[in-house]
Amino acid sequence: MFNFESFDSKVDTEIIGRNFIYSEEVESTNSFLLNKANKFNSDGTILLAEKQTKGRGRKERVWYSAKGQNLTFSILLTSKKYLGKKFNLLNFTTSLSVAFALENLYQLKTELKWPNDVLVNGKKICGILLESTSQGSKIERVVIGVGLNVNQGLFQGNFNLEPTSVKLELGESVDREKLLAELLNTFEELIQKIDTNPDEIMKDWKDRCNLIGEKISVTEDGNTKYGIFDDLDEEGFLLLKTKNKIEKIHFGDVSAA
Ligand code: BTN
């Protein structure tokens, strides 16, 4: 069971995680926080669930996570300060926070895969799903869901990308409370930089993205494009260099080609 006191003694944020909801079981932490009817509105609210019965990944994929072993949680953002942010930068800030936490606590070498996966040794350790709700043209809430594989020792099923966990990479279990506190402390620090120093976020993200400059394929809706991963634009979209043009890619699954 997640030890809230232990987590609380390590987290030193002002907003993120100050309202902390713990749940043994929920359909999906993202769906719960996105739903206004659940009446959680305060900026920075975290919902951590030991088990999700309808955990969701990108593109309507199912997200499986063994009960009580990992960190499956969502962060709710409702303040105007964050809602106007470019979503890719919020994605990058989240995946970078995971990468920094894994590097700082366990010296794991991380790799970031566009748009929002964190890999270790070429295997997926964390997936991120950012969703939002709007009223008319106004974004009301943004929910960032994080599925970080921590102490799960076995993964069964068919995966797009082979999964791993901190335990599998280190050969031992780790303290989930300490890892979540480190991740949220870093996230709160980095989210401020979206305004003050977005270039640093982009640079730190690109430094960990090994596919930049490489031949890649991008698949979206059964359609595959090939080219060189040229760069990211200032909004975080992928720039794909093909024979005679540079194409901006908004969505898609990227692989080395
Ligand atoms: C992906 O890689 O496709 C994204 C996976 C995101 C999974 C997390 S687990 C917590 C949150 N709640 C969900 O239903 N999904 C996200």
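How many bridges pair strand 6 (residues 123–135) with strand 7? Ten, and the two strands run in the antiparallel sense. Strands here are DSSP runs of E with at least two residues, helices are runs of H or I with at least four, and both are numbered from the N terminus; two strands pair if DSSP finds at least two bridges between them. This is a predicted model, in which local features need pLDDT of at least 70 and side-chain atom pairs count only at pLDDT 80 or more, while totals for chains, interfaces and linings use all residues. Residue numbers start from 1 along each chain as its sequence is written.

Strand 7 (residues 138–148) is largely enclosed by the rest of the structure because eight of its eleven residues are buried (20 or more other C-beta atoms within 10 Å of a residue's own, with C-beta atoms placed from the backbone).

On to the domains. Eight residues of domain 1 are in contact with six of domain 2 (C-beta atoms, placed from the backbone, within 7 Å). On the domain 1 side, helix 4 (87–106) and helix 7 (198–207) are the elements giving two or more residues, and helix 4 gives the most, with three.

How values were computed: Buried ≥ 20, exposed ≤ 12 C-beta atoms within 10 Å, placed from the backbone. Contact = placed C-beta atoms within 7 Å.
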